[in-house]
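Me: Please take me through the charged pairs and the packing of the structure shown here, one question at a time.

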Amino acid sequence: MTASVPGESKRADPRSTELRAGRGAFPRSARLLRHADFERVYKLGRRHFSASMTVFYWPRPEAGVESAKSPAAKSAAKFPVVTGLRIGFTVGRALGGAVARNRMKRRLREAVRMTWPAASANVDVVINPKKALLTVDFTAVVNEVSRAFVAIEQKLAGRAALPRI
């Protein structure tokens, strides 16, 4: 039997917020969590295609900019305004068993952590992998995610630069 000191543990608690933040975990504010958020991105957003994934994105309007009659305004009025990039992942059952689907999500999550854009607009992003994501080298996945973020930023910047008629 070994003696232990109260208040000290032999190893760090893996649920500790300091350790999770150090590993680059997604804060709750950077994740899409509600079904309605995913549906809004699918219905109102645009798409970016790549070899092993499809990226859906929807630029969230600024607070007070959108009309009060729009469906997005009604649902956004219930919840606090979140700024910055929010990301969600969806992997359908058709892509494989639970092990394969979870592996796809882990690979995508790590690729997003590695390529997180520094200055991001108010955008909701949903990434849908294709079956090929499991066989592609991880550096290729990181490159595809990075290219998707660049393409989204360029499309949103070009859209903002166009004059409204």
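Me: Which residue forms a salt bridge with Arg60?
Reply: This is a predicted model, in which local features need pLDDT of at least 70 and side-chain atom pairs count only at pLDDT 80 or more, while totals for chains, interfaces and linings use all residues. Residues are numbered from 1 along each chain as its sequence is written, and side-chain values use heavy atoms, with hydrogens and water left out. A salt bridge requires a side-chain nitrogen of Lys or Arg within 4 Å of a carboxyl oxygen of Asp or Glu. With its closest N and O atoms 2.4 Å apart, the partner of Arg60 is Asp124.

Me: How many residues apart in sequence are the parts that Arg60 and Asp124 tie together?
Reply: Helices (H or I, at least four residues) and strands (E, at least two) are DSSP runs, numbered from the N terminus. Arg60 lies in the loop between strand 2 and helix 3 (71–77), whereas Asp124 belongs to strand 4, so the parts tied together are separated in sequence by 64 residues.

Me: Is Arg86 buried or exposed?
Reply: Buried stands for under 20% relative accessible area, exposed for over 50% and partly exposed for what lies in between (1.4 Å probe, protein chains only). Arg86, whose place is in strand 3, has a relative accessible area of 10%, and therefore counts as buried.

Me: Which residue in helix 2 is linked with Arg86 in strand 3?
Reply: A salt bridge with closest N and O atoms 3.7 Å apart joins Arg86 to this residue, and the pair links distant parts of the chain, 49 residues apart.

Me: Which strand is joined to strand 2 by 7 bridges?
Reply: Two strands pair if DSSP finds at least two bridges between them. Strand 1 (residues 46–49) is joined to strand 2 by 4 bridges in an antiparallel arrangement, with 3 residues between the two in a hairpin. The 7 bridges, also antiparallel, lead from strand 2 to strand 4.
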